[in-house]
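Here is a short briefing on one protein chain.

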Amino acid sequence: MQVPLGTSLFLTDPLDASQAARVASAAGDQLEHLDLQRASPSDTSLHCLSAAVVPRSLPSLLTLVLSRGSISDDGVAWLTAALHVGTCPRLRALDLHRNRIRGRGLAQLARLLGEVRTLELSENAITDESAAEMAAAIAAGGMPALETLGLHSNEVGDRGVRGIVRAGEEGALRDLRELVLWNNQVDQAVHELAEAIEKGRFPSLKELYLEGNRFGSAGKAAILGVTTTSVLTPKVHTHWSCHR
């Protein structure tokens, strides 16, 4: 079942090849928002959608919601293949939260999201190594307009956070406004994140979520010490509860 709403399309049934072809054909040049979260998005869904969209493209698509499904790294690879040929040149927001993504291929995906402002990857199984590789891709020029990065409830640790810090030091992530890292495995790297914030490496940052990590009171004090200082204008709002 498809529920159209103006320039938005909400799918409620799992996507197969024939349905994907109909969606791609009906979408035309006007579709701005495509939401599959009620259609149980899966690797198969993305394979079908990728195959259907590539010959036609979705030139006006701004938001793609693929959350609350069973997408794995294989599904990310299908999505990356579709984006690689320029199917969604105006994409601003990509939501992949609550899937089964470990992170293989996220770095390559990041390199293709040149216009994306919001990337939501929370509630997956993204490893520390994958987060670090994605951050390296950002440092090298991927997602230059990124404003919101959602990574809560994954397996991101010190290596991933150091990658994010390094991206900030390279001049990337200057537009980042919201960084969501609660319920991960961050420990000592929180001090490096605090130092980077103090040095102004993230000049647009306003919302920082860090509850439920491994660092203790010293790490929390380091973050609070820089996010509440009057040197930062505007101040960074640090959240210590696991909700947004």
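A contact here means heavy atoms within 4.5 Å. By that rule, residues 24 or more positions apart account for 85% of the chain's contacts with a separation of 6 or more. The model is predicted.

**Overall shape**
- The chain holds 8 helices and 10 strands.
- Its radius of gyration is 18 Å, which agrees with the value near 18 Å for a compact globule of 244 residues.
- Along the principal axes, the C-alpha atoms fill a box of roughly 55 × 30 × 25 Å.

**Surface, burial and charge**
- Of the 244 residues, 50% are buried.
- The accessible surface is about 10,700 Å², and carbon and sulfur atoms make up 48% of that surface.

**Helix α5**
- Helix α5 covers residues 128-139.
- Its 12 residues should span 16 Å at 1.5 Å a residue, and the end C-alpha atoms are 16 Å apart, so the two values agree.
- Buried positions in α5 are Ser-130, Ala-131, Ala-132, Met-134, Ala-135, Ala-137 and Ile-138.
- An α-helix has 3.6 residues a turn, so residues three or four places apart point the same way.
- After α5 comes Gly-141, with a positive phi near 120°.

Technical notes. Residues numbered from 1 in each chain as written. Predicted model: local features only at pLDDT ≥ 70, side-chain atom pairs only at ≥ 80, totals over all residues. Heavy atoms only, no water. Helix = DSSP H or I, 4+ residues; strand = E, 2+ residues; numbered from the N terminus. Rg over C-alpha atoms; globule rule 2.2 N^0.38 Å. Buried < 20%, exposed > 50% of the residue type's maximum accessible area, 1.4 Å probe, protein only. Areas by Shrake-Rupley, 256 points an atom, 1.4 Å probe, with all protein chains shown as cover. Expected span 1.5 Å × (residues − 1).
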